[in-house]
Amino acid sequence: MAFQVAAVEAGHDLRVHHSETEEQDSYVPAINLLPDGTTPNIETYMYFAKIQRDREALSAKNDAEGSYRPGFFSRTFQRSQASDNRSVVSAPDSDEKKGPPSEEGGTTVITEGEYRAASGALRTATWGSVFYLITTDILGPYSTPWAFQQVGYGPGVACFFVFGIMAAYSGFLLWWMFLKLDSDKFPVRSFGDLGQRIYGRWFRHLCNILQSVQLVFNVGLIILGNGQGLSQMAKFKLCFSVCNVVWTIAGMILGQIRTLQKFGSIANLSIWMNIITLVMTMASVANSGPNYTAVADTGPVQTYAIYVQAFQAQLNGIMQIVFSYGGAMIFVEFMAEMRRPMDFWKAMAYSQIFIFVVYMFFGLFVYSYQGQYVVNPANQGISAYALQTATNAISLTAGLIAAALYGNIGVKVIYNNILVELMGFPDLTARRGKYYFSAAVLVYWSIAFVIGSAVPQFSNISSLIAAVCIFQFTYTFPPFMILGYCMQVDATKGDREFDINNPHAHRVDTWKQLSRWKRAFFTKNAFFNVWNFLLTLACLSCAILSAYSAVKSIVTAFNTTGSASAFGCHSPLDNA
């Protein structure tokens with residue numbers, strides 16, 4: 001799973017050329033209403049989306065005809081700067097639109113054409129840069145050895161394969177719906193925006209709530225993991241809760257950075273830090289024994305083709321695999337920043353293959369050498385103190401950077417969708433909004449600290465958040481959304497011809513009438529609709545069962561003698 005909305009390409013952040021004010025004011029937030037004040041229907045979204053896709057296809061054709069043929073790697077992961085410059089086209093000076101006034105005074109007047117050109121200029125990411133981001137993660141790789149430890153070689157590989165196929169299927173569905181519903185006039189900028197086009201505002205609020213929960217739990221999980229690493233470095237002589245406080249304060253300070261462009265360089269650095277940590281971990285486990293202190297056990301290493309244990313524990317292990325494929329929550333954000341969203345399938349396909357091969361190889365490698373003594377995260381299972389400290393120092397730094405990125409987006413999601421939209425707080429561009437943002441960062445990290453310290457169980461907490469949030473975005477929501485999309489499209493086949501000048505007049509019936517439901521479901525796509533309906537129910541059932549198992553595991557762990565207590569000084573890794 002990856003979460004860095006500021007797409008990185010060619011070693012720099014895509015927004016790095018924008019100042020703080022420009023990044024926050026670079027577009028006027030879309031008010032998805034028609035001129036008559038009504039909400040657009042799905043036919044309207046599809047009408048403008050087709051125009052948008054045709055424009056992008058023409059641009060791609062012109063770029064191909066007017067550029068030289070580069071080498072393979074250049075074609076794959078780079079883009080022509082001239083191509084991006086051509087995306088900003090001159091527009092007629094008509095249909096003036098005023099931007100919102102700021103507290104610093106004045107209003108900005110732009111034309112609709114200029115607004116569309118500016119929106120297109122912000123879409124500069126290529127599929128190569130998106131591939132780079134999807135495969136960048138701070139949590140996924142380190143948890144895979146523990147997943148194999150819980151289920152064994154056979155079920156582990158099988159689950160990696162099946163979940164990978166289904167994650168690719170979900171990603172394809174999101175890509176298809178984005179192409180059909182996104183346009184410069186009615187842009188789709190988030191998972192919730194895409195869901196709102198299909199099911200309305202209630203589904204958007206549900207997505208935003210789950211996204212906020214996932215992000216704050218991710219930050220809490222990183223605080224917990226960094227606290228464990230710091231306690232190891234201090235040889236358990238420093239109170240564990242104090243270790244968590246150290247990272248919380250550091251996050252509060254780093255979290256005061258409001259714009260993603262300022263994270264560009266350090267975000268790139270964290271990627272290579274994680275790669276170094278993975279390599280050092282594999283080198284260490286291959287040449288030294290397990291960390292017996294962390295698992296309170298000794299004896300020969302044992303591995304299993306199929307590890308038979310309580311189903312509850314096996315589900316917790318499988319949820320670590322779900323964590324590895326948990327990037328669907330931000331696929332829409334990536335597509336929204338792409339110059340050619342039609343190319344997203346390439347990034348998604350290659351990234352799923354990369355995750356399947358690299359993550360699984362790392363998990364199998366570490367499990368083969370450490371067996372039942374695997375620790376989650378894996379680098380904290382290194383027994384040699386020098387290497388353990390080195391990997392902890394690197395991963396703690398990378399973890400703090402990732403937590404700051406998660407926190408930055410998480411605070412903005414909550415601030416914009418709850419405080420601004422529902423409670424009337426000022427925008428982040430206003431002076432008072434910046435003060436409220438700073439206060440929100442402190443509250444956000446305090447909540448994350450409570451999560452990480454109240455339940456000091458890294459594996460169980462990560463399993464819980466995978467079941468409650470990640471599973472929904474990656475596996476449950478996409479088939480549910482494509483079901484609603486296909487039903488609405490099929491229902492339009494009995495309507496009159498669509499007229500963009502009168503977009504609500506062509507329908508012959510409403511959803512309150514049985515005739516529209518019959519056209520929606522009983523069509524040539526009926527089997528596809530049934531498949532997605534059953535898949536949605538199956539995924540939801542699996543998520544509920546997995547969440548229940550994670551909660552039961554948390555309760556069991558607290559009742560186990562010698563386990564770390566809430567807000568205690570005893571480190572979860574000190575089991576000597």
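**The segment after α21**

A: Phe567 lies in the segment that follows α21 (526–558). Helices here are DSSP runs of H or I with at least four residues, strands are runs of E with at least two, and both are numbered from the N terminus. The model is predicted, so local features need pLDDT of at least 70 and side-chain atom pairs count only at pLDDT 80 or more, while totals for chains, interfaces and linings use all residues. Numbering runs from 1 along each chain as its sequence is written, and side-chain values use heavy atoms, with hydrogens and water left out.

Phe567 is not a glycine, yet its phi is positive, about 55°. Most residues other than glycine have a negative phi, and most peptide bonds are trans. With a relative accessible area of 44%, Phe567 is partly exposed; that term covers values between buried (under 20%) and exposed (over 50%), using a 1.4 Å probe and protein chains only.

Phe236 also has a positive phi, about 60°, without being a glycine. Phe236 sits in the loop between α10 (201–233) and α11 (240–254), and is partly exposed at 26% relative accessible area. A further backbone feature is the cis peptide bond joining Asn376 and Pro377, with omega about 5°. Pro377 is in the loop between α16 (344–370) and α17 (385–420).

As for the setting, the protein has 21 helices and 4 strands, and 54% of its 576 residues count as buried.
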